[in-house]
Amino acid sequence: MAIERTLSIIKPDATARNLTGAINVLIERAGLRIVAQKRVRWSKPLAEKFYEVHKARPFYGDLVAFMTSGPIVVQVLEGENAVKAYRDVMGATDPAKAAAGTIRKAFAENIERNSVHGSDSVENAATEIALNFRPDEIVG
Ligand code: ADP
Ligand code: MG
């Protein structure tokens, strides 16, 4: 077992519905510690860079527009196997396929407006954290 860090984002559909606290309850109940958190509005260039891996996908433009449409809460989560642990509590990308008890099952509106982001590997987590936080903003 390894202590890892992962990047979480509470997306605009969730901040608009005042769900930050409710989502944080599920994060903390899963044993993950929120070691950095801030509410921001992404610039278009930052959103484009963050989702660069999806550039060729048909939903890329809509995704960038959605993620810059309102405030988001970016977070660093820390814990045992944090990357997978958070993916598990997030649930499937499409809320129709998400398991009971997951954040997306409880709160997501649809496959795009799905309330949360979580890094998919330790390597990507490090890159995504560096894009959103200065080292001194993370207090473990
Ligand atoms: P995840 O967020 O579960 O890691 P992906 O990395 O595949 O999912 O996709 C990134 C984000 O792009 C998703 O969380 C969702 O907001 C959006 N997205 C993914 N697939 C689709 C789709 N088929 N149509 C619209 N938006 C999508
Ligand atoms: Mg992903």
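Me: What makes strand S1 (residues 3-10) largely enclosed by the rest of the structure?

Reply: Happy to go through this predicted model. In S1, 6 of the 8 residues are buried, so the strand is largely enclosed by the rest of the structure. Buried means under 20% relative accessible area, exposed over 50% and partly exposed in between, with a 1.4 Å probe and protein chains only. Strands here are DSSP runs of E with at least two residues, helices are runs of H or I with at least four, and both are numbered from the N terminus.

Me: Which strands are joined to S1 by bridges?

Reply: Strand S3 (residues 72-80) runs antiparallel to S1, with 8 bridges between them; Thr 6 has Leu 77 as its bridge partner there. Strand S4 (residues 116-118) is also antiparallel to S1, through 3 bridges, and His 117 stands opposite Ile 9. Two strands pair if DSSP finds at least two bridges between them, so S1 pairs with S3 and with S4.

Me: How are residues numbered, and what pLDDT do local features need?

Reply: Residues count from 1 along each chain as its sequence is written, and chains are lettered from A and ligands numbered from 1 in the order written. Local features need pLDDT of at least 70, side-chain atom pairs count only at 80 or more, totals for chains, interfaces and linings use all residues, and side-chain values use heavy atoms, leaving out hydrogens and water.
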